[in-house]
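Subject: Structure handover

Hi,

Here is the structure for you to look over. My notes come after it.

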Amino acid sequence: MNQISFNKIFITGNETAYMAEAMASGKIAGDGKFTRKCQEFFERKYGFRKCLLTTSCTDALEMAALLLNIQPGDEVIIPSYTFVSTANAFILRGAKVVFADSNNREPNLDPSAIEKLITPRTKAIVVVHYAGVACDMDIIMELAEKNGLFVIEDAAQAIDSFYKGRPLGSIGHLSAFSFHETKNIICGEGGMLVINDERFMERAEIIREKGTNRSAFLRGEKDRYEWVDAGSSFLPSDLLSAFLFAQLESLETIQQKRREITELYLHLLKPLQDKGKLVLPCVPAYATNNASVFYVLCKSREQRQMLIDGLKAQGISAVFHYLCLHRSKYYSTRHDGRQLPNSDRYTECLLRLPLYTELSATDVERTCNALTGLLQ
Ligand SMILES: Cc1ncc(COP(=O)(O)O)c(C=O)c1O
(Lines give C-alpha, C1' and ligand atoms only; values in the text may rest on other atoms or scores of the structure.)
Protein backbone atom coordinates (compact mmCIF):
# COMPACT_ATOMS: atom_id res chain seq x y z
CA MET A 1 0.00 0.00 0.00
CA ASN A 2 1.57 3.31 -1.06
CA GLN A 3 1.84 6.19 1.39
CA ILE A 4 -0.25 9.22 0.49
CA SER A 5 1.73 12.23 1.54
CA PHE A 6 0.12 15.52 2.42
CA ASN A 7 2.11 17.57 -0.08
CA LYS A 8 4.46 16.82 -2.96
CA ILE A 9 6.19 19.41 -5.09
CA PHE A 10 5.26 19.52 -8.77
CA ILE A 11 8.05 20.11 -11.27
CA THR A 12 6.94 21.21 -14.74
CA GLY A 13 10.15 20.11 -16.47
CA ASN A 14 11.43 23.54 -17.56
CA GLU A 15 12.81 24.68 -14.19
CA THR A 16 16.31 23.25 -14.75
CA ALA A 17 16.62 24.70 -18.26
CA TYR A 18 15.61 28.19 -17.13
CA MET A 19 17.93 28.06 -14.12
CA ALA A 20 20.76 26.95 -16.43
CA GLU A 21 19.90 29.86 -18.74
CA ALA A 22 20.18 32.29 -15.82
CA MET A 23 23.55 30.80 -14.86
CA ALA A 24 24.81 30.96 -18.43
CA SER A 25 23.84 34.64 -18.60
CA GLY A 26 26.29 35.32 -15.77
CA LYS A 27 23.61 37.15 -13.77
CA ILE A 28 21.90 35.37 -10.89
CA ALA A 29 21.39 38.20 -8.38
CA GLY A 30 17.96 39.81 -7.96
CA ASP A 31 16.02 41.85 -10.52
CA GLY A 32 17.38 39.91 -13.50
CA LYS A 33 15.63 38.74 -16.63
CA PHE A 34 13.47 36.05 -14.99
CA THR A 35 12.42 38.27 -12.10
CA ARG A 36 11.14 40.78 -14.64
CA LYS A 37 9.44 38.06 -16.70
CA CYS A 38 7.56 36.77 -13.63
CA GLN A 39 6.50 40.26 -12.56
CA GLU A 40 5.30 41.10 -16.08
CA PHE A 41 3.40 37.80 -16.21
CA PHE A 42 1.42 38.71 -13.10
CA GLU A 43 0.85 42.32 -14.16
CA ARG A 44 -0.46 41.20 -17.56
CA LYS A 45 -2.53 38.21 -16.43
CA TYR A 46 -4.21 39.73 -13.38
CA GLY A 47 -3.95 43.45 -14.05
CA PHE A 48 -1.94 44.02 -10.86
CA ARG A 49 -0.59 47.58 -10.94
CA LYS A 50 2.98 46.73 -9.90
CA CYS A 51 4.51 43.43 -8.79
CA LEU A 52 7.79 42.91 -6.95
CA LEU A 53 9.04 39.39 -6.32
CA THR A 54 10.28 38.88 -2.77
CA THR A 55 12.00 36.08 -0.89
CA SER A 56 8.74 35.07 0.84
CA CYS A 57 5.21 36.17 1.57
CA THR A 58 6.48 36.95 5.08
CA ASP A 59 8.91 39.45 3.55
CA ALA A 60 6.19 40.95 1.35
CA LEU A 61 4.10 41.51 4.50
CA GLU A 62 7.09 43.07 6.26
CA MET A 63 7.56 45.39 3.29
CA ALA A 64 3.88 46.33 3.55
CA ALA A 65 4.34 47.27 7.21
CA LEU A 66 7.36 49.43 6.31
CA LEU A 67 5.49 51.09 3.45
CA LEU A 68 2.58 51.98 5.73
CA ASN A 69 5.07 53.51 8.19
CA ILE A 70 3.64 51.40 10.98
CA GLN A 71 4.82 52.84 14.32
CA PRO A 72 4.57 51.81 17.99
CA GLY A 73 1.04 52.63 19.13
CA ASP A 74 -0.57 51.91 15.76
CA GLU A 75 -3.23 49.22 15.70
CA VAL A 76 -3.68 46.71 12.91
CA ILE A 77 -6.73 44.46 12.68
CA ILE A 78 -5.99 40.90 11.58
CA PRO A 79 -7.76 37.55 11.85
CA SER A 80 -6.66 35.39 14.75
CA TYR A 81 -7.00 32.32 12.58
CA THR A 82 -3.94 32.81 10.35
CA PHE A 83 -0.26 32.05 9.97
CA VAL A 84 2.07 33.92 12.35
CA SER A 85 3.64 36.00 9.57
CA THR A 86 0.43 38.00 9.15
CA ALA A 87 0.92 39.29 12.70
CA ASN A 88 4.73 39.33 12.93
CA ALA A 89 5.14 41.86 10.13
CA PHE A 90 3.31 44.45 12.27
CA ILE A 91 4.54 43.31 15.69
CA LEU A 92 8.10 43.84 14.43
CA ARG A 93 7.30 47.52 13.83
CA GLY A 94 5.87 47.92 17.32
CA ALA A 95 2.20 47.85 16.34
CA LYS A 96 -0.53 46.30 18.42
CA VAL A 97 -2.37 43.61 16.51
CA VAL A 98 -6.07 43.44 17.27
CA PHE A 99 -7.60 40.09 16.49
CA ALA A 100 -10.93 39.77 14.71
CA ASP A 101 -12.95 36.57 14.64
CA SER A 102 -13.57 34.39 11.59
CA ASN A 103 -17.09 34.02 10.28
CA ASN A 104 -19.04 30.88 11.06
CA ARG A 105 -19.30 29.51 7.50
CA GLU A 106 -15.60 29.55 6.63
CA PRO A 107 -12.35 30.74 8.25
CA ASN A 108 -12.23 34.21 6.67
CA LEU A 109 -12.70 37.38 8.71
CA ASP A 110 -16.23 38.26 9.66
CA PRO A 111 -16.62 41.83 8.31
CA SER A 112 -19.20 42.60 11.02
CA ALA A 113 -16.54 41.77 13.63
CA ILE A 114 -14.16 44.39 12.24
CA GLU A 115 -16.10 47.64 12.65
CA LYS A 116 -16.28 47.58 16.43
CA LEU A 117 -12.50 47.05 16.64
CA ILE A 118 -11.66 50.28 14.82
CA THR A 119 -10.24 53.01 17.08
CA PRO A 120 -8.52 56.35 16.29
CA ARG A 121 -5.22 54.42 16.41
CA THR A 122 -6.21 51.82 13.80
CA LYS A 123 -4.04 52.09 10.71
CA ALA A 124 -4.82 49.01 8.64
CA ILE A 125 -6.90 45.89 8.17
CA VAL A 126 -5.12 42.78 6.98
CA VAL A 127 -7.42 40.23 5.38
CA VAL A 128 -6.39 36.62 4.77
CA HIS A 129 -8.10 34.81 1.89
CA TYR A 130 -8.06 31.42 3.59
CA ALA A 131 -7.71 28.48 1.17
CA GLY A 132 -7.76 31.06 -1.62
CA VAL A 133 -11.43 31.83 -0.93
CA ALA A 134 -12.09 35.56 -1.05
CA CYS A 135 -13.05 37.60 1.99
CA ASP A 136 -16.06 39.82 1.40
CA MET A 137 -13.93 42.64 0.01
CA ASP A 138 -16.65 45.18 -0.89
CA ILE A 139 -17.70 45.49 2.74
CA ILE A 140 -14.10 45.57 3.96
CA MET A 141 -12.96 48.19 1.43
CA GLU A 142 -15.99 50.34 2.24
CA LEU A 143 -15.23 50.14 5.97
CA ALA A 144 -11.59 51.03 5.30
CA GLU A 145 -12.50 53.99 3.13
CA LYS A 146 -15.01 55.31 5.65
CA ASN A 147 -12.36 55.17 8.39
CA GLY A 148 -9.29 56.18 6.39
CA LEU A 149 -7.58 52.78 6.76
CA PHE A 150 -5.30 50.80 4.49
CA VAL A 151 -6.20 47.26 3.44
CA ILE A 152 -3.56 44.60 2.91
CA GLU A 153 -4.51 41.31 1.33
CA ASP A 154 -2.58 38.36 2.71
CA ALA A 155 -3.03 36.37 -0.47
CA ALA A 156 -0.44 33.70 0.46
CA GLN A 157 -2.83 30.97 -0.70
CA ALA A 158 -4.86 33.00 -3.15
CA ILE A 159 -3.16 32.85 -6.54
CA ASP A 160 -5.58 32.65 -9.47
CA SER A 161 -8.65 33.19 -7.33
CA PHE A 162 -11.34 35.82 -7.70
CA TYR A 163 -13.83 38.00 -5.85
CA LYS A 164 -16.85 38.96 -7.99
CA GLY A 165 -14.62 38.40 -11.02
CA ARG A 166 -11.74 40.53 -9.69
CA PRO A 167 -8.41 38.75 -9.08
CA LEU A 168 -7.49 38.45 -5.43
CA GLY A 169 -4.46 40.60 -4.79
CA SER A 170 -5.81 43.43 -6.96
CA ILE A 171 -8.27 44.90 -4.45
CA GLY A 172 -6.36 46.04 -1.34
CA HIS A 173 -3.79 48.85 -1.34
CA LEU A 174 -1.06 46.19 -1.04
CA SER A 175 -1.12 42.38 -1.33
CA ALA A 176 1.28 39.57 -0.47
CA PHE A 177 1.56 36.17 -2.21
CA SER A 178 3.57 33.06 -1.33
CA PHE A 179 5.43 30.63 -3.58
CA HIS A 180 6.49 28.35 -0.74
CA GLU A 181 6.68 24.70 -1.75
CA THR A 182 3.24 23.98 -0.28
CA LYS A 183 1.47 26.46 -2.58
CA ASN A 184 -0.02 25.97 -6.08
CA ILE A 185 2.88 27.77 -7.81
CA ILE A 186 6.24 27.31 -6.13
CA CYS A 187 9.93 28.12 -6.08
CA GLY A 188 10.85 26.62 -2.69
CA GLU A 189 10.74 29.85 -0.73
CA GLY A 190 9.39 32.90 -2.49
CA GLY A 191 6.75 35.58 -2.50
CA MET A 192 5.50 38.73 -4.14
CA LEU A 193 4.33 42.16 -3.08
CA VAL A 194 1.59 43.63 -5.24
CA ILE A 195 1.28 47.41 -5.12
CA ASN A 196 -2.10 48.65 -6.26
CA ASP A 197 -1.80 52.14 -4.77
CA GLU A 198 0.44 54.42 -6.79
CA ARG A 199 1.67 56.25 -3.68
CA PHE A 200 3.71 53.19 -2.64
CA MET A 201 5.28 52.25 -5.96
CA GLU A 202 8.58 54.10 -5.90
CA ARG A 203 9.27 53.51 -2.23
CA ALA A 204 8.49 49.78 -2.49
CA GLU A 205 11.37 49.30 -4.92
CA ILE A 206 13.68 51.21 -2.58
CA ILE A 207 12.69 49.28 0.55
CA ARG A 208 13.22 45.98 -1.28
CA GLU A 209 16.75 47.05 -2.32
CA LYS A 210 18.25 47.85 1.11
CA GLY A 211 16.89 51.39 1.09
CA THR A 212 18.73 52.28 -2.11
CA ASN A 213 17.50 53.49 -5.50
CA ARG A 214 19.37 50.68 -7.26
CA SER A 215 16.27 49.54 -9.19
CA ALA A 216 15.99 52.98 -10.84
CA PHE A 217 19.76 52.92 -11.46
CA LEU A 218 19.50 49.51 -13.18
CA ARG A 219 16.80 50.93 -15.46
CA GLY A 220 19.21 53.73 -16.40
CA GLU A 221 17.19 56.41 -14.60
CA LYS A 222 20.09 57.37 -12.25
CA ASP A 223 23.81 57.66 -12.96
CA ARG A 224 24.64 56.00 -9.61
CA TYR A 225 22.70 54.52 -6.79
CA GLU A 226 22.64 55.66 -3.21
CA TRP A 227 21.08 55.07 0.16
CA VAL A 228 17.84 57.07 0.27
CA ASP A 229 15.58 55.37 2.84
CA ALA A 230 15.40 52.59 5.42
CA GLY A 231 15.08 49.16 3.84
CA SER A 232 16.28 45.59 3.74
CA SER A 233 17.13 42.85 1.27
CA PHE A 234 13.84 41.40 0.13
CA LEU A 235 14.58 40.44 -3.46
CA PRO A 236 15.13 36.85 -4.59
CA SER A 237 17.97 35.52 -6.71
CA ASP A 238 17.14 35.29 -10.41
CA LEU A 239 17.75 31.53 -10.07
CA LEU A 240 14.57 31.24 -7.98
CA SER A 241 12.71 33.50 -10.38
CA ALA A 242 13.80 31.23 -13.25
CA PHE A 243 12.30 28.28 -11.36
CA LEU A 244 9.13 30.27 -10.72
CA PHE A 245 8.79 31.31 -14.35
CA ALA A 246 8.70 27.67 -15.44
CA GLN A 247 5.86 27.14 -12.98
CA LEU A 248 3.96 30.18 -14.23
CA GLU A 249 4.08 28.91 -17.79
CA SER A 250 2.19 25.82 -16.53
CA LEU A 251 -0.25 27.75 -14.35
CA GLU A 252 -3.35 26.73 -16.33
CA THR A 253 -2.40 23.03 -16.32
CA ILE A 254 -1.58 23.08 -12.61
CA GLN A 255 -4.85 24.80 -11.76
CA GLN A 256 -6.87 22.43 -13.93
CA LYS A 257 -5.37 19.35 -12.24
CA ARG A 258 -5.90 20.78 -8.76
CA ARG A 259 -9.49 21.78 -9.52
CA GLU A 260 -10.26 18.25 -10.71
CA ILE A 261 -8.88 16.83 -7.46
CA THR A 262 -10.99 19.27 -5.45
CA GLU A 263 -14.14 18.40 -7.41
CA LEU A 264 -13.53 14.71 -6.81
CA TYR A 265 -13.08 15.25 -3.07
CA LEU A 266 -16.29 17.29 -2.92
CA HIS A 267 -18.21 14.63 -4.86
CA LEU A 268 -16.94 11.68 -2.83
CA LEU A 269 -17.34 13.35 0.57
CA LYS A 270 -20.80 14.81 -0.03
CA PRO A 271 -22.56 11.70 1.39
CA LEU A 272 -20.65 12.23 4.66
CA GLN A 273 -21.85 15.83 4.81
CA ASP A 274 -25.41 14.74 3.98
CA LYS A 275 -25.29 12.33 6.92
CA GLY A 276 -24.02 15.12 9.19
CA LYS A 277 -20.65 13.42 9.76
CA LEU A 278 -18.52 16.39 8.65
CA VAL A 279 -18.81 19.78 6.96
CA LEU A 280 -17.34 20.50 3.53
CA PRO A 281 -15.72 23.85 2.71
CA CYS A 282 -18.08 26.72 1.95
CA VAL A 283 -17.27 28.94 -1.03
CA PRO A 284 -19.59 31.99 -1.01
CA ALA A 285 -21.21 33.00 -4.31
CA TYR A 286 -18.84 36.01 -4.62
CA ALA A 287 -15.72 33.79 -4.37
CA THR A 288 -13.93 31.07 -6.36
CA ASN A 289 -12.07 27.99 -5.18
CA ASN A 290 -8.45 28.01 -6.43
CA ALA A 291 -7.80 24.48 -5.15
CA SER A 292 -4.96 25.55 -2.88
CA VAL A 293 -6.12 23.73 0.25
CA PHE A 294 -8.71 21.02 0.78
CA TYR A 295 -10.19 20.91 4.24
CA VAL A 296 -13.15 19.47 6.09
CA LEU A 297 -14.61 20.59 9.40
CA CYS A 298 -14.89 17.93 12.08
CA LYS A 299 -17.30 18.01 15.02
CA SER A 300 -14.61 18.28 17.69
CA ARG A 301 -10.88 18.21 18.37
CA GLU A 302 -11.27 14.59 19.52
CA GLN A 303 -13.00 13.51 16.33
CA ARG A 304 -10.29 15.26 14.29
CA GLN A 305 -7.53 13.47 16.19
CA MET A 306 -9.33 10.14 15.67
CA LEU A 307 -9.39 10.84 11.91
CA ILE A 308 -5.73 11.90 11.76
CA ASP A 309 -4.69 8.74 13.64
CA GLY A 310 -7.00 6.51 11.60
CA LEU A 311 -5.79 7.92 8.29
CA LYS A 312 -2.16 7.66 9.42
CA ALA A 313 -2.67 3.97 10.23
CA GLN A 314 -3.76 3.55 6.60
CA GLY A 315 -0.72 5.41 5.23
CA ILE A 316 -2.51 8.71 4.60
CA SER A 317 -1.11 11.98 5.92
CA ALA A 318 -3.70 14.56 6.98
CA VAL A 319 -2.77 17.62 9.04
CA PHE A 320 -4.24 20.64 10.74
CA HIS A 321 -3.29 24.30 11.10
CA TYR A 322 -3.48 27.20 12.24
CA LEU A 323 -3.35 27.54 16.02
CA CYS A 324 -5.31 30.74 16.55
CA LEU A 325 -2.95 33.56 17.46
CA HIS A 326 -4.96 35.12 20.29
CA ARG A 327 -4.35 31.95 22.31
CA SER A 328 -0.68 31.56 21.35
CA LYS A 329 2.11 31.59 23.90
CA TYR A 330 3.45 34.87 22.51
CA TYR A 331 0.21 36.76 22.25
CA SER A 332 -2.28 35.40 24.79
CA THR A 333 -1.07 37.75 27.54
CA ARG A 334 -1.36 40.77 25.22
CA HIS A 335 -4.85 39.92 23.93
CA ASP A 336 -7.72 41.89 25.44
CA GLY A 337 -9.59 38.75 26.44
CA ARG A 338 -12.40 38.92 23.88
CA GLN A 339 -13.80 35.51 22.99
CA LEU A 340 -13.23 34.52 19.36
CA PRO A 341 -15.34 31.37 19.13
CA ASN A 342 -15.11 30.83 15.38
CA SER A 343 -11.30 31.11 15.41
CA ASP A 344 -11.29 28.56 18.23
CA ARG A 345 -13.55 26.24 16.28
CA TYR A 346 -11.34 26.29 13.14
CA THR A 347 -8.27 25.76 15.32
CA GLU A 348 -9.85 22.66 16.85
CA CYS A 349 -11.93 21.20 14.04
CA LEU A 350 -10.31 22.00 10.66
CA LEU A 351 -8.62 19.03 9.03
CA ARG A 352 -6.58 19.34 5.83
CA LEU A 353 -6.51 16.39 3.44
CA PRO A 354 -3.71 15.60 0.97
CA LEU A 355 -3.75 17.96 -2.00
CA TYR A 356 -0.98 18.33 -4.52
CA THR A 357 -0.91 18.75 -8.27
CA GLU A 358 -0.16 15.14 -9.13
CA LEU A 359 -2.37 13.50 -6.51
CA SER A 360 -4.10 10.65 -8.35
CA ALA A 361 -7.84 10.05 -8.46
CA THR A 362 -7.14 6.61 -6.94
CA ASP A 363 -5.44 8.21 -3.94
CA VAL A 364 -8.29 10.71 -3.50
CA GLU A 365 -10.73 7.78 -3.57
CA ARG A 366 -8.64 5.86 -1.06
CA THR A 367 -8.55 8.87 1.27
CA CYS A 368 -12.32 9.38 1.00
CA ASN A 369 -13.04 5.68 1.53
CA ALA A 370 -10.81 5.70 4.60
CA LEU A 371 -12.65 8.74 5.99
CA THR A 372 -16.01 7.12 5.28
CA GLY A 373 -14.91 3.97 7.09
CA LEU A 374 -13.68 5.93 10.11
CA LEU A 375 -16.90 7.93 10.36
CA GLN A 376 -19.30 4.94 10.26
C1 LIG B 1 -1.91 33.16 5.42
C2 LIG B 1 -0.42 33.06 5.29
N3 LIG B 1 0.32 34.19 5.32
C4 LIG B 1 1.66 34.15 5.19
C5 LIG B 1 2.32 32.96 5.02
C6 LIG B 1 3.82 32.97 4.92
O7 LIG B 1 4.26 32.62 3.63
P8 LIG B 1 5.82 32.38 3.34
O9 LIG B 1 6.14 31.01 3.79
O10 LIG B 1 5.95 32.55 1.84
O11 LIG B 1 6.57 33.44 4.06
C12 LIG B 1 1.61 31.76 5.00
C13 LIG B 1 2.31 30.48 4.85
O14 LIG B 1 1.76 29.47 4.55
C15 LIG B 1 0.20 31.81 5.12
O16 LIG B 1 -0.54 30.69 5.14
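Below are notes on the ligand site and then on the aromatic rings.

This is a predicted model: local features need pLDDT of at least 70, side-chain atom pairs count only at pLDDT 80 or more, and totals for chains, interfaces and linings use all residues. Residues are numbered from 1 along each chain as its sequence is written, and side-chain values use heavy atoms, with hydrogens and water left out.

**Ligand site**

Helices (H or I, at least four residues) and strands (E, at least two) are DSSP runs, numbered from the N terminus.

Now the polar contacts (pairs of N or O atoms within 3.5 Å). The side chain of D154 places an N or O atom 2.7 Å from a ligand nitrogen. For K183, a side-chain N or O atom is 2.8 Å from a ligand oxygen. A polar backbone atom of C57 is 2.9 Å from an oxygen of the ligand. The protein covers 91% of the 400 Å² of accessible area that the ligand has on its own (Shrake-Rupley method, 1.4 Å probe).

**Aromatic rings**

There are 21 aromatic pairs. Rings of Phe, Tyr and Trp (its six-membered ring) pair if their centres lie within 6.5 Å; planes under 30 degrees apart count as stacked, over 60 as edge-to-face and the rest as tilted.

Y81 and Y130 pair edge-to-face, at 5.7 Å centre to centre and 65° between the planes. Y81 lies in the loop between β2 (75-79) and α4, and Y130 in the loop between β4 (122-128) and α6 (137-147), 49 residues apart. Y81 also pairs with Y346: the centres are 5.8 Å apart and the planes at 55°, so this pair is tilted. Y346 sits in helix α12 (residues 341-349), 265 residues from Y81.

Are these tyrosines buried or exposed? Y81 is buried at 1% relative accessibility, Y130 at 2% and Y346 at 0%. Buried means under 20% relative accessible area (1.4 Å probe, protein chains only).

One aromatic cluster takes in F41, F42, Y46, F48, F162, F177 and F179.

Best wishes

Notes
A polar contact is a pair of N or O atoms within 3.5 Å; within protein, one must be able to donate a hydrogen and the other to accept it, and residues adjacent in sequence count only if both atoms are side-chain atoms. Buried means under 20% relative accessible area, exposed over 50%, partly exposed in between (1.4 Å probe, protein chains only).
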